[in-house]
Amino acid sequence: MKVVAVNKSASFEYFIEEKFEAGIVLEGSEVKSIRKNNCNLADSFCFVRAGEVTLKNMHIAVYDKSGAFNTRDSRRDRRLLLHKAEIAKIAGKVNQKGYTLVPLKVYFAGSLVKVEVALCRGKHTYDKKQSLKEKDLKRDADRRIKEFL
C-alpha cells in the first residue's frame, strides 16, 4: 500500500468516529498524476446526495504529458464508490447534528486508487488545545528518553 496524500489537519480538527475505504472515479491522466504524487487533500470534504458520495475540492494536478484536449478542472467533484449499506449508514449519521464526512488519505491498493474517508465529529477549541498539550508532552518525553539513552 503506497500512501500518496494525507489530510493532516483532519485529526486535529475532528474526532474520528469510523473509517471507510472507498474507490474513486478518475480519468487516466488523473491516475498518472496521482502516481507522481501530484495530489492534495487540503480543504477537501465529502457529501452525500441522491445516494452517491462525492468528494469535493480534492486537487489533482493536470498531468503534464496529457494532450491539449484532455485538460479538466483540477478541483472537480469526484464520485466515491461505496456499498449501498455503507452509504445509508453514512447518510444517517451525516444528517445528525455535528457529524461530517472527511477524506483522510489517498493511497494505492495494488493498482487501484483508494480514498480513506472517516465519519467525524468537530472539535471545540478547548479540545484542540488539549490535543496540542498532549502532543507537546509526548514530544518532551521522547526527547528526555533520547537524552537518557
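Colleague: Which residues in H4 are buried?

Modeller: Asp127, Lys128 and Ser131. Buried means under 20% relative accessible area, exposed over 50%, and partly exposed in between (1.4 Å probe, protein chains only). So those three residues of H4 each fall under 20%. The model is predicted: local features need pLDDT of at least 70, side-chain atom pairs count only at pLDDT 80 or more, and totals for chains, interfaces and linings use all residues. Residues are numbered from 1 along each chain as its sequence is written, and side-chain values use heavy atoms, leaving out hydrogens and water.

Colleague: What covers the buried residues of H4?

Modeller: The cover includes helix H1 (8–13) and strand S2 (14–24). Helices (H or I, at least four residues) and strands (E, at least two) are DSSP runs, numbered from the N terminus.

Colleague: How do you know that the length of H4 fits a helix?

Modeller: The expected span is 1.5 Å times one less than the number of residues. H4 has 24 residues (125–148), so it should span 34 Å. Its end C-alpha atoms are 35 Å apart, which agrees.

Colleague: Why is Met1 called exposed?

Modeller: Its relative accessible area is 70%, so Met1 is exposed. Met1 lies in the segment before strand S1 (2–6).

Colleague: Which residues make the nonpolar surface patch?

Modeller: Met1, Val3 and Val6, over about 310 Å². Patch residues have over 30% relative accessible area and no salt bridge; nonpolar side chains (Val, Leu, Ile, Met, Phe, Trp, Tyr) are joined within 5 Å, like charges within 9 Å. A salt bridge puts a side-chain nitrogen of Lys or Arg within 4 Å of a carboxyl oxygen of Asp or Glu.

Colleague: What makes S8 largely enclosed?

Modeller: Eight of its eleven residues are buried, so the rest of the structure largely encloses S8. Strand S9 (residues 112–122) is mostly covered, with eight of its eleven residues buried.

Colleague: How do you know that S8 and S9 pair?

Modeller: Two strands pair if DSSP finds at least two bridges between them. S8 (residues 99–109) and S9 have ten, so they pair, in the antiparallel sense. Tyr99 stands opposite Arg121, and Phe108 opposite Val113. Their hairpin has two residues between the strands, and Gly110 takes a positive phi near 75°.

Note on methods
Contact means heavy atoms within 4.5 Å. Accessible areas come from the Shrake-Rupley method with a 1.4 Å probe; for residues, only the protein chains shown count as cover.
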